[in-house]
Amino acid sequence: MRVRVETLWLAGILLLAGALRFTGLGQGIPYAVGVDEPEIVERAVNMMRSGEFNPRFFDYPGLYIYLQFGVAVLRFVTGAMSGLWATLDQAPTSEFYLWGRAVTALLGTATVGLVILIARRLGLLAAVAAGLFLALQPMHARESHYVLTDVPMAFFVTLTLALTLRAGDRRTLGAYAWCGVAAGCAAATKYNGGIAMLLPLLALAMQHDHPRRFASAMVVVGAAGAAFLIAAPYTILDLPAFLNAFGTLSHMYAVGQPPPEPGWLIYLKHLRINLGWPGIIVAIASLGVAVVRTWQAPTSEKITWATASAFVVITFWLIARQKLIFGRYLLSILPPLAVLMGGAVAWALARLGGSRWTASRQAIAAAALILLIAYQPAATAVGWARLNARVSTEEQLYAWLVEHVPAGSRVAVETFAMRLPPDRWPSSNHPRLIERTADEYAADGYHFLLASSQSFGPPLTNPRPDDATRAYRTLFDRLDLVTTLSPSKEHPGAEWRIYRLPR
């Protein structure tokens, strides 16, 4: 009976995680996909159409592009079997986003399962708490909706941690080889995922009685390198292009424009927004608990605390030193941090109550503490899911374009909130439409201009005697206003104005 109740609890957490990651998965397709999603999806689809497997793009190592290539092939075959198209040229790129996003959502949900599996080593309460903390994590739930590399990398990092703990039990070379494979896949998904290789190496360093520590460490390194090269082969096959791209990218992170505040402070603010004040207090305290448990706990539990906390601290330190700051760079530390938080909650309740508490009193205390920590992240995650499910002004605009703008019409779009399918309308995106005049748009063959309040709003709402205000007024006076789509509670988004160039 106890096993059945435990299974129901953990299955419920996975269902909750899946619901938050799969709900609204198709939002924004094909008109407002994530800013970097085309970098992966379009390359995967082009591989399928051309048979050329060199991505010729090394900002990401390649594994997730190849995985999306396989998904694209499967999507094309199923679409052909259902009569949607007969040839590759007939299948628009927009048809492949939803399936690609489903893979990310699946990996995000599976990461919650791995966190539960890891935290189960610290007790059932730790597993339930850790699973809930990650399942309800708004950043992880939100980013699981897009074809980007951060959530998949976090999956492989968490898989590396799970396999590291398993290898510590088995102590075989084969078990450590799988740790290396997972770490290599993390690096082949996103370069900084290579930090995952520290997990099995640290675990081995802690096992003083391990009979084959050096050999196991060499197996980890060798398997990681082999997995990386198999998953991202053009790192070697197109070495000059890789080195040039990697060098440019690394240079940007090292000497780019410094952020307005220290990186560590910006990332702490991101964590505070996503975890809430109770959550971030517990997260910081859990690192202290990890130090205590690394010193006091039995070896098997000690390794869990040490490896998870070391990865969190080292990764946070590395990303905080970079010049480019993005909140999603924290995604790889959220799963091990959830393990630490769950373990800290279980440890604190055991210390406070001990044998003096009845089972019911322990359950009430645990539920109250978990609710206190999880309430704000849950409210944020659910709120985002509800907002994401509403019909945005961008969706209204796309529907209007489908109904009123003939295919082949050339369209200029202000901001990058809308990315129109190029196989329907040849279009271009502009930070501000005033970078050109009406005559220049007409000379270049444009038919429609889509103006967003994100850009024209400030100059026109608070007019100033500056170039932007005059330029917008001059441009709009030269155009024919067709319709305006205004945001509301039911329709979030920017205000959009559709202008037609005079014939």
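**Reading helices, burial and cores**

Biologist: In which helix is the place of Ile236?

Modeller: A helix here is a DSSP run of H or I, at least four residues, numbered from the N terminus. Ile236 belongs to helix α11, which covers residues 234-237. This is a predicted model, where local features need pLDDT of at least 70 and side-chain atom pairs 80 or more, while totals for chains, interfaces and linings use all residues. Residues are numbered from 1 along each chain as its sequence is written, and side-chain values use heavy atoms, without hydrogens and water.

Biologist: Is Ile236 buried or exposed?

Modeller: Buried means under 20% relative accessible area, exposed over 50%, partly exposed in between (1.4 Å probe, protein chains only). Ile236 has a relative accessible area of 51%, so this residue is exposed.

Biologist: Which residues in α8 are buried?

Modeller: They include Ala175, Tyr176, Cys179 and Gly180, and the run from Ala182 through Ala183, Gly184, Cys185, Ala186, Ala187 and Ala188 to Thr189 is buried as well. Because twelve of the 17 residues of α8 are buried, the rest of the structure largely encloses this helix. The cover over those buried residues includes α3 (63-81), α7 (150-170), α9 (198-206) and α10 (213-231).

Biologist: What does Ser216 touch?

Modeller: Contact means heavy atoms within 4.5 Å. Ser216 lies in helix α10 and touches Leu173, Tyr176, Leu204 and His210, if residues up to four places away in sequence are not counted. Its relative accessibility is 1%, so Ser216 counts as buried.

Biologist: Which residues is Met139 in contact with?

Modeller: Met139 sits in helix α6, residues 138-143, and counts as buried because its relative accessibility is 3%. Apart from neighbours within four places in sequence, Met139 is in contact with Asn274, Gly327, Arg328, Leu330, Leu331 and Leu334. Leu275 is 136 residues from Met139 along the chain, yet 9.4 Å separates their C-alpha atoms.

Biologist: Which members of the largest nonpolar core touch the most other members?

Modeller: A nonpolar core is a set of buried Ala, Val, Leu, Ile, Met, Phe, Trp, Tyr and Cys residues joined through side-chain atoms within 4.5 Å. The largest one has 116 residues, and Ile13, Phe96, Phe133, Tyr267 and Leu330 touch the most other members. Helix α15 (residues 334-353) supplies the largest share of this core, ten residues. A second, separate core has 17 residues, among them Trp400, Leu420, Trp425 and Ala494.

Key. Helix = DSSP H or I, 4+ residues; strand = E, 2+ residues; numbered from the N terminus.
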